[in-house]
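Hi,

Here is the structure I said I'd pass on. Have a look at it first, and then read my notes below.

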Amino acid sequence: RALVSFGNMQYRPFENVLTNFDFTPDGNQLVYSSFLNGNNRLHVRNLAELEPQTIFQSNTLTAFSPRVSPDGQRIVFITASRDLYTLGLNGSATPTLVAQDVSHESYDWFGDRDVIFTESGTGKLQTVSVTGGTAQPVPLENSDERGNYKTPLLLPGGNFLIYSVVVGRQDSRVELLDLSTNQNRVLIENGFAAKYIESGHLTFMRDDNLMAVPFDLDQMAIT
């Protein structure tokens, strides 16, 4: 359980929460999944209120790891069977199946209208519309045929992508892709699952350690 503190000092625990959650871009709402008595639910909770809103529930579909779109209008989530769905944040429509055979924890938003993910069978990055359709491969000038491409993340501005390349069990690196030229290069050797944070840093995993390095968005370089 996790406790959230409010200005009026009231508390309400998050009940039966599954791992992984996300905040809306304004930081005012939390999106998470729960499981109780055979029912799986997705919730949106305004942090200024005590009660969450349930936007999806099912006794057959296990939804977890929701991620909110940059415009705060939709979420994408994965199921236990590796299917990827999108859903309006207000829960007014049924979920849309957009991709199958997706690697767990290896998907994210690619702008407001597309999703990027790793196809589990090939280990390659693909994009697909929020409404579904045919997925398109992400072109790379220098592609490692041995590599599994994981944890894609579109950087602020929408022109560059970072992702992990995993070869075998030990070798991993973080690369940067210029989407206008398809040119990619190594940013971090022996690193995995990089994230950009607003302080101007990249965080990433190295072995069992969480690391951080300064990163210049204008130069697209570690400083």
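Predicted model: local features only at pLDDT ≥ 70, side-chain atom pairs only at ≥ 80, totals over all residues.

Met-220 sits in the loop between S19 and S20. The phi of Met-220 is near 55°, which is a positive value in a residue other than glycine. As background, most residues other than glycine have a negative phi. Is Met-220 buried or exposed? Met-220 counts as buried, because its relative accessible area is 7% and the cut-off for buried is under 20%.

There is another one like that to look at. Arg-82 has a phi near 70°, again positive in a residue other than glycine. You'll find Arg-82 in the loop between strand S6 (74-79) and strand S7 (84-88). With a relative accessibility of 31%, Arg-82 counts as partly exposed, since that class runs between the 20% and 50% limits.

S17, S18, S19 and S20 form an open sheet in the order S17-S18-S19-S20, with antiparallel pairing. Strand S17 (192-197) and strand S20 (221-222) are at the edges and have a single partner strand each, so one side of each has no neighbour in the sheet. Within that sheet, strand S18 (residues 201-206) and strand S19 (residues 209-216) run antiparallel and are joined by six bridges. If you want a spot to check by eye, Phe-204 stands opposite Met-211 in S19.

A second open sheet of four strands has the order S13-S14-S15-S16, and the pairing there is antiparallel too. Its edge strands are S13 and strand S16 (183-189), each of which pairs on one side only. From one strand to the next, the twist averages 30°. Eight bridges hold together the antiparallel pair of strand S14 (residues 160-167) and strand S15 (residues 171-178). Here the pair to look for is Ser-164, which stands opposite Val-174 in S15.

The largest pocket has a volume of about 1,000 Å³. Which residues come closest to its centre? Of the 27 residues in the lining, those are Asp-22, Asp-108, Leu-153, Lys-195 and Tyr-196. Several strands give two or more residues to the lining: strand S1 (17-23), strand S5 (63-68), strand S9 (102-109), strand S13 (148-154) and S17. So that you have the make-up by class as well: the lining has 15 nonpolar, six polar and six charged residues.

Two more residues are worth a click. Asn-40 lies in strand S3 (residues 39-46) and is buried, with a relative accessible area of 1%. A polar atom of the Asn-40 side chain lies 2.3 Å from the backbone nitrogen of Ala-63. Ser-33, in strand S2 (residues 29-36), has 0% relative accessibility and therefore counts as buried. From Ser-33 to Pro-137 the separation is 104 residues in sequence, and their C-alpha atoms are 30 Å apart in space.

That's what I have for now.

Cheers

Note on methods:
Residues numbered from 1 in each chain as written. Heavy atoms only, no water. Pairing = 2+ DSSP bridges. 1 Å grid on protein atoms, 1.4 Å probe; cavity = no way out; pocket = protein on both sides within 12 Å on 5 of 7 lines; lining within 4 Å. Points joined across faces, edges and corners; volume = space filled by probe spheres on them. Nonpolar A, V, L, I, M, F, W, Y, C, P; charged D, E, K, R; others polar. Buried < 20%, exposed > 50% of the residue type's maximum accessible area, 1.4 Å probe, protein only. Axes fitted to C-alpha atoms, helices over the stretch in contact; angles between N-to-C directions. Polar contact = N/O pair within 3.5 Å; in protein donor to acceptor, adjacent residues only side chain to side chain.
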